[in-house]
Amino acid sequence: MDIGTFFIGGILALIGGCLGATVSALGGFVLLGLFGVAGFLYMFITGDSTWNIVIASSVMLKPSSCFLGGVISTAYARKKTLLKCGKDIGRSLITFHKFRIILVGGIAGFSGYVLNYVLDRFLSEKIDTTALTVMIIPLIIKYLWKMTKTSDCSASSHAVPSPYRFFERISSKEGKVITSILVGFVTASVTLLLMLNKNTAPFAGAFMFYVSALSLYFVFMGIPVPATHHFSGTAGAITAYWLSLHGNNTDIMTVITMILWGIVAALIGLVSSEILGKFFFNEGDIHVDPPAMGIMVTTGILVGILPLTGVYHTDLIIQSLICVVLIMGLVISKKYTVQ
């Protein structure tokens, strides 16, 4: 990347962070889903991927810029006692009419862009560096601003609880597991279909992630829809990666193995987000995103570590058996890991 391109990216990230502060972190993430889904519809109709490359995949809407800008500016508003809850990521901060809050979001977006760029230099294609960025910066701010004590978010009449918390209202442990399995299954199947189309193949792994992001719009409407992007994002990533190694054929054993890996990814996303959420999200007055942590761990394991073992090149029956064992272990572990 030359200096000019890096500079332009930085400006877009700054704007994206300001956008996240303006419409809220949650609103910025929903926008990502909206433009992402629209991009796929545009590709289906025209065969042109320009929309996805220029808009949906732009630095401005990237979670490490836009979503992160909303998260940090919300924490700043809480630090200045303008909010009663630092996790109120559904609150548009432009209503305070204070430019410095929006500017903090912009600075956070730019910081996320720089960190993401550095991480990509060392960890690209080994872990989801965007998710890692979305985890690291709020953790730094959490201790830098001494926001380690949890406030009573229910005390804020304007608070829109984190989508991550909606699971606690509508689902048992078993419900979470079933949801992750279903999302993993659907994501793997849809990703395969998109991989078979030459126009959508390069972006196939991201489609269901965009759908999950867009579904959070219902949170604004007061409908308790849970966050599922740490299921669809991980399942889409591993499915696209696995198919790149085995080809886009539809033999029954290939399809079964692919779906099983998708389910494994979704379950790891659930378990890891729940475990890390207990340590980093539950305690503190800033939104350290559990789904981002789940995506980070899952991609690190399935795309970063497992390829080194050669497991993806073993016989499909052996891979399927490995997946079944992993699924059983993850389902059993819910008793100790899932809240």
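This is a predicted model: local features need pLDDT of at least 70, side-chain atom pairs count only at pLDDT 80 or more; totals for chains, interfaces and linings use all residues.

Student: Let us begin with helix pairs. At what angle do helix 6 and helix 13 pack, and how far apart are their axes?

Tutor: Helix 6 covers residues 129–144 and helix 13 covers residues 290–309; they pack at an angle of about 135°, and their axes are 8 Å apart. That angle makes helix 6 oblique to helix 13, since an angle counts as roughly antiparallel over 145 degrees. As for handedness, helix 6 and helix 13 form a left-handed crossing.

Student: Which residues of helix 6 and helix 13 meet?

Tutor: From helix 6 come Ala131, Leu132, Val134 and Met135, which meet Ala292, Met293, Ile295 and Met296 of helix 13. Sorted by class, this contact of helix 6 with helix 13 holds 8 nonpolar residues, with no polar and no charged ones.

Student: How is the pair of helix 8 and helix 12 arranged?

Tutor: Helix 8 and helix 12 pack at about 140°, with axes 8 Å apart. Helix 8 and helix 12 are therefore oblique to each other. The crossing of helix 8 and helix 12 is right-handed. On the helix 8 side, the contact includes Lys176, Ser180, Gly184 and Phe185, while the helix 12 side includes Met258, Gly262, Ala266 and Glu274. By class, the contact of helix 8 with helix 12 divides into 12 nonpolar, 4 polar and 2 charged residues.

Student: Helix 8 also holds Thr187. Is Thr187 buried or exposed?

Tutor: A residue is called buried when its relative accessible area is under 20%. Thr187 counts as buried because its relative accessibility is 0%. Apart from neighbours within four places in sequence, Thr187 is in contact with Met208, Ser232, Ala235 and Gly236.

Student: What does Trp261 touch?

Tutor: Not counting residues up to four places away in sequence, Trp261 touches Ile238, Trp242, Leu302, Leu306, Tyr312, Gln319, Cys323 and Leu326. Leu306 counts as buried because its relative accessibility is 19%, and the limit for burial is under 20%. With residues up to four places away in sequence again set aside, Leu306 touches Trp261, Ile301, Val311 and Tyr312.

Student: Finally, the backbone. What is the phi of Thr81, and where does Thr81 lie?

Tutor: Thr81 has a phi near 65°, a positive value in a residue other than glycine. Thr81 belongs to the loop between helix 4 (66–79) and helix 5 (99–123). With a relative accessibility of 64%, Thr81 counts as exposed.

Student: What is the phi of Lys146, and is Lys146 buried or exposed?

Tutor: Lys146 is not a glycine, yet has a positive phi of about 55°. Lys146 lies in the loop between helix 6 and helix 7 (163–170). Lys146 counts as exposed because its relative accessibility is 71%, the limit for that class being over 50%.

Methods. Residues are numbered from 1 along each chain as its sequence is written. Side-chain values use heavy atoms; hydrogens and water are left out. Axes are lines fitted to C-alpha atoms, for helices over the stretch in contact, and angles run from 0 to 180 degrees between N-to-C directions. Helices (H or I, at least four residues) and strands (E, at least two) are DSSP runs, numbered from the N terminus. Angles under 35 degrees count as roughly parallel, over 145 as roughly antiparallel, 65 to 115 as roughly perpendicular and the rest as oblique. A crossing is left-handed if the near helix is turned anticlockwise from the far one by less than a right angle, and right-handed if clockwise. Contact means heavy atoms within 4.5 Å. Ala, Val, Leu, Ile, Met, Phe, Trp, Tyr, Cys and Pro count as nonpolar, Asp, Glu, Lys and Arg as charged, and the others, Gly among them, as polar. Buried means under 20% relative accessible area, exposed over 50%, partly exposed in between (1.4 Å probe, protein chains only).
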